[in-house]
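Here is a short briefing to read alongside the model. Have the viewer open, and let us walk through it topic by topic.

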Amino acid sequence: MEFILNSMRKIDNDQAKEHAFGTEQSLEENLAICFINPKDFEKLKLVSSLQLKISNEEKYVIVKVEKDDNIPEGMVAMPVSIWSNRLSVVQNNELQTKNIVVNVEATHEPIMKFKEIIQELLVKK
Amino acid sequence: MELYKFLPKTNCKKCGKPTCMAFSLDLLQGKVKVDDCPPLLEPKYKKQYDALKELLGSEEGQQKELKINIDDKLCDGCGICVTVCPVNARYCPSSLSGKAPEYPPEEHQLFQVIGGKCELLKIEHCRRLDAEGRERECRVCETYCPREAVKIEYV
Amino acid sequence: MKRFTCSGCSLLCDDIIVQSDGLFISEVIGACLKGKERFDLVSAKNRIISPLIRKDGELKEASWDEAIKKAIEIIKNSSIPLLYGFSNVSCEAQDAGIKLAQKIDGFIDSNASICQGKIFNKAKSLGINLTTITEIINKGDLIILWGANPAETVPRLLNKVLFSRGKFRMTGREIKTLVIVDPIKTASFRVMGVRDLPLIIEPNKDIDLIRMLKEECCTANSIPSQGVAGIDKNDLKRLLLHLTGAENGVIILGQGVIQPHPDYDLVEELLELLQMINKRQEKGRISLLIMGGHFNMAGFDHVALSAYGVSGHLEFKHNQMVKTEDTLVSKIEKEDFDSSIIVGTDPISHLPHSLSSKIAKKPLILIDNHSTATSHIADVVLPTAITGIESGGLAYRLDQVPIELNKLLNPPNNLPSDEELLNQLHGLLNKGGSE
């Protein structure tokens, strides 16, 4: 299903804080997450044991899902992190981090680990 | 039955119920209070009044205490409650322009942000306890907290 | 008790009380959660206090001599280095970075070019009205948040700007009006009162609102009856009344308005709207304030302007400054660099994957004080003292006011400050002869 991705800052899900004070596990728990409207939760036939796969022509990520009444329908919100930036695009020499068109679907696969993303980048050296 | 034997048993209907038996059932379920029976407030029924108050326990009898709870997990130390509290504004001049008040705190000061979280230092001078008239209904710390971390409760 | 300046975010609060015996910090009073985390960084779990070098694919601890030698080797083997970051360091360190870039023929830029700097660049041709925080405390009566969410990014901003009782606004919150324009109902909406105006706009339709307001400035009564971008007609009329009647208004902009679009330029149209409103204003004027994250995001542009007359990125060839059409994003996209020096920031986490994968391919020198995603990829990591706590310097606040930061403790292991380290690299390149 087609949605709009919006990345925002949240004081409880803060990437810099987790890198400096937390562990890799707390980093994944707090930042590999997204928020959608409860009505969209029903439409996608999600339950608490399923994850969400968000993809666009650049890349994809697999993250946890949570309900939030304040998000309008048709939008998925993620805290700013290395996960949300896999989907950001570069347009005309400028960075676009909000209102990105993405494809979402429910999936059984586990959430994407931090180590996976780092390994992928190191291999290119 | 236990409660009914302390009532006047006159069925005067001054409480709004048809009989004293009906009143005693509502009293047991907490739908009415002992003070809702006007005859019981007269001196000749003082012994029954006191006995009923004691039987029904602290819900009925004692004055409820004011508590201002600040949820540790939700507070982010923004200091809005420190600036907007009228007691802080009167006694700590630096909080008028949004600055943090002095430390050690002034004796009337209610809120202070310590270690990144807001703390309630002492409640004695809160307007809900200390003032008269409309000022007693002050709820600004609860209304303006952006993370809904401050809650005013009576326990 | 003496007050101290916090370096947690770009608001640089100078009313913090810190209790310390010179060795440890025991209590921090008045600072919000972000400030407290900055002071906690001194003893953070993942702090780096000795240099690291990548050997056989893994990062291992090394001595300072080894690490500096490896860094110099990377610089000498590179002919078009890229220097990036410079918003978590003092102005003196930014100056040292520019001198190093000149020595090694590099391209230097700061975080501001993908954040605040975009708005100031447009202001060069249109003009801009600025104001300071103290002005808003003492005289402000209209505050508009557009695409900004201070309750989660700069927690004390709303405290200082909206709730304070300044000299000419002693009634405080009662006399100030708050307007928020945002597609999501964020935490900042919860400080609204009965006289305030929440506007929940449809996603990506800010341009319609701006164009409608511009139209209304020219011809009255042109508000469409069905409203604009999900906002109804009565709210629009109220918004316009506030804009033209406020004595001292301020619009606070955040990340939500600097998004690019192929057909129009949102920032330019917003600045034009501001000019038109100020002409039509009856009593006062509306100014602009731009929120930023790191504590010295505004400083690099000032330092570059005073050193070279150019505010923004700088490129050097044959040790001379050259004019360039490239920006940070275009340089990385074209892969027009062969090594990078990253100072106090984490590009692997905050740049899109298509750019961060290109940075990760080339040799990388990182100057930072705690573990980040970039430190997992770097070839050399050189730790430094924390500015604002273990070393001093100058920094610029979000309203372009310079504030001096002070030293409170000594750094562990005698770590150098960013300025000292960059000057040391500059000096060593002098001796060996530059390439």
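Chain B of this predicted model contains 7 helices and 4 strands.

**Chain B: layout and dimensions**

- Following the sequence of chain B, the elements come in the order α-α-α-β-α-α-β-β-α-α-β.
- The C-alpha trace of chain B extends over about 65 × 30 × 25 Å along its principal axes.
- Chain B has a radius of gyration of 23 Å, whereas a compact globule of 155 residues would have one near 15 Å.

**Chain C: α10 packed with α4**

- Helix α4 (residues 117–126) of chain C and helix α10 (residues 266–280) of chain C cross at roughly 50°, and their axes come within 10 Å.
- The crossing of α4(C) and α10(C) is right-handed.
- From α4(C), the residues K118(C), I119(C), K122(C), A123(C) and L126(C) meet V267(C), E268(C), L271(C), E272(C) and Q275(C) of α10(C).
- Sorted by class, this contact of α4(C) with α10(C) holds 5 nonpolar, 1 polar and 4 charged residues.

**Chain C: α10 packed with α8**

- Helix α8 (residues 206–218) of chain C packs with α10(C) at an angle of about 25°, the axes being 10 Å apart.
- Since angles under 35 degrees count as roughly parallel, α8(C) and α10(C) are therefore roughly parallel to each other.
- The crossing of α8(C) and α10(C) is left-handed.
- On the α8(C) side, the contact involves D206(C), I207(C), I210(C), L213(C), K214(C) and C217(C).
- On the α10(C) side, their partners include L266(C), E269(C), E272(C), M276(C) and R280(C).
- The contact of α8(C) with α10(C) has 9 nonpolar and 5 charged residues, with no polar ones.

**Where chain C touches chain A**

- Here 40 residues of chain C are in contact with 38 residues of chain A.
- On the chain C side, at least two residues each come from α1 (33–40), α6 (150–153), α12 (328–333), α13 (347–350) and α14 (353–361).
- The largest share of that side, 6 residues, is supplied by α14(C).
- By class, the side of chain C that touches chain A has 17 nonpolar, 17 polar and 6 charged residues.

Definitions and conventions:
Residues numbered from 1 in each chain as written. Chains lettered and ligands numbered in written order. Predicted model: local features only at pLDDT ≥ 70, side-chain atom pairs only at ≥ 80, totals over all residues. Contact = placed C-beta atoms within 7 Å. Nonpolar A, V, L, I, M, F, W, Y, C, P; charged D, E, K, R; others polar. Axes fitted to C-alpha atoms, helices over the stretch in contact; angles between N-to-C directions. Left-handed = near helix turned anticlockwise from the far one by under 90°. Rg over C-alpha atoms; globule rule 2.2 N^0.38 Å. Parallel < 35°, antiparallel > 145°, perpendicular 65-115°, else oblique.
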